[in-house]
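Thank you for making time this morning.

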Amino acid sequence: MSYNLLKGKKGIIFGALNELSIAWKVAEKAFEEGAVFTLTNTPAAIRMGTINQLAEKTGSAVIPADATKEADIEQVIIKSMEVLHGKIDFILHSIGMSPNVRKGLPYDALNYNFFLQTLDISALSFHKLLLFTRKHDAINEWGSVVALSYIASQRTLAGYNDMGDAKALLESIARSFGYIYGRDKKIRINTISQSPTLTTAGSGVKGIDTLFDFTDRMSPLGNATAEDCANYCVTLFSDLTRKVTMQNLYHDGGFSSMGMSMKAIEQYTKSFEECE
Ligand SMILES: NC(=O)c1ccc[n+]([C@@H]2O[C@H](COP(=O)([O-])OP(=O)(O)OC[C@H]3O[C@@H](n4cnc5c(N)ncnc54)[C@H](O)[C@@H]3O)[C@@H](O)[C@H]2O)c1
């Protein structure tokens, strides 16, 4: 059901690779809610993924950009304002990648060049994006910028590796820039800390199936899906959440406030019985 929450709003959506991507679901929901937007991803992701299908469905232009390259990000902003005929109201940063995770290097044997790439792709790209939107005064007053995070920024989760550090930096950038952008332009900046989600990036995390099952058992409402996340993003892009800024918002079915659940105890007990 559509509420027209984003009627008349213009946006930029980073990070839709294929129909599993959280950014894909956000684009579909934003379209349903009346928004117009551009889509962007790396040239390789555009070639290998299916973003063009999404663009066709939502009537969006696709602008290739590597989010680590300042010139690319600046072009996305300039071209988006051209294509959309004016300033932007919302931006989704849905970008994450760790070469260390991809190569299976554990946290105590990281490759530091890879580590820097992890931070650049997954966190500094957010800073660059905000810096260039500000330089071009590209976001309307009361606009909203959301980046996607994960609880491994705050708590240690085995296997999440240097992405935990990248997410901690991402959340900190949201607060630091949130102050500046809020003070000067009344623009909101938040991160959503999403449940484990079975996407291409999610599948790269070591033990994702077990983690997915664990968090689902631990969360009173169960894991939040990509569609649930898209609905939440839409509320944050809308005018209904104008005074929410500089927050890391948990969207995880309650997981972040749990210690132990009956469902998890039952599963744990079963594995003890099997051992005996
Ligand atoms: N899947 C999960 O379990 C989960 C949980 C919490 C948060 N997140 C976060 O959600 C976001 C989206 O991930 P997803 O799960 O939808 O997976 P996804 O693989 O569909 O999306 C990741 C995107 O990052 C893009 N990307 C990688 N390097 C880039 C670069 N240099 N420039 C521009 N784009 C680049 C990829 O092309 C891809 O589109 C990420 O920030 C991820 O960390 C995911």
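Predicted model: local features only at pLDDT ≥ 70, side-chain atom pairs only at ≥ 80, totals over all residues.

Let me begin with the sheet, in which seven strands are arranged in the order 3-2-1-4-5-6-7, forming an open sheet with parallel pairing; two strands are said to pair if DSSP finds at least two bridges between them. The edges are formed by strand 3 (62-64) and strand 7, each of which pairs on one side only. On average, neighbouring strands of this sheet are turned by 20 degrees against each other, direction ignored. When I speak of helices and strands, I mean DSSP runs, H or I of at least four residues for helices and E of at least two for strands, numbered from the N terminus.

Residues are numbered from 1 along each chain as its sequence is written.

Strand 2 (residues 36-41) is largely enclosed by the rest of the structure, because five of its six residues are buried. Here a residue is buried if 20 or more other C-beta atoms lie within 10 Å of its own, exposed if 12 or fewer, and partly exposed in between, with C-beta atoms placed from the backbone.

Further along the sheet, strand 5 and strand 6 (residues 188-194) run parallel and are joined by six bridges. Among the partners, Ser 144 is bridged to Arg 188 of strand 6, and Val 146 to Asn 190 of strand 6. Strand 6 is mostly covered, with seven of its seven residues buried. Arg 188, Asn 190, Ile 192 and Gln 194 point one way from this strand, whereas Ile 189, Thr 191 and Ser 193 point the other way, and all are buried.

Now to the helices. Helix 10 lies across strand 1, strand 4 (88-93), strand 5, strand 6 and strand 7, and runs at about 165 degrees to strand 6; axes are lines fitted to C-alpha atoms, for helices over the stretch in contact, and angles run from 0 to 180 degrees between N-to-C directions. Its twelve residues reach 16 Å from the first C-alpha to the last, close to the 16 Å expected at 1.5 Å a residue, where the expected span is 1.5 Å times one less than the number of residues. The buried residues of helix 10 are Ala 226, Asp 228, Cys 229, Ala 230, Cys 233, Val 234, Leu 236 and Phe 237. What covers them includes helix 1 as well as strand 1, strand 4, strand 5, strand 6 and strand 7, a contact being two residues whose C-beta atoms, placed from the backbone, lie within 7 Å.

Helix 1 is itself mostly covered, with eight of its eleven residues buried, and Trp 24, Lys 25 and Lys 29 are among them. Just after helix 1, Gly 34 takes a positive phi of about 100 degrees.

Which residues come closest to the ligand? They are Ser 21, Gly 96, Thr 199, Ala 201 and Gly 202, out of 27 residues that surround the ligand, where near means a C-beta atom, placed from the backbone, within 6 Å. The elements that give two or more residues to this shell are helix 1 (22-32), strand 5 (139-149) and helix 8 (200-203), and helix 8 gives the most, with three residues.

Finally, a few loop positions. Gly 159 lies in the loop between strand 5 and helix 7 (162-185) and counts as partly exposed, with 16 C-beta neighbours inside 10 Å. Leaving aside residues up to four places away in sequence, Gly 159 touches Val 205, Lys 206 and Gly 207. Met 246, in the loop between helix 10 (226-237) and strand 7 (248-251), has a positive phi of about 65 degrees although it is not a glycine. Asn 4, in the segment before strand 1 (10-14), is likewise not a glycine and has a positive phi of about 55 degrees; Asn 4 counts as exposed because it has 11 C-beta neighbours inside 10 Å.
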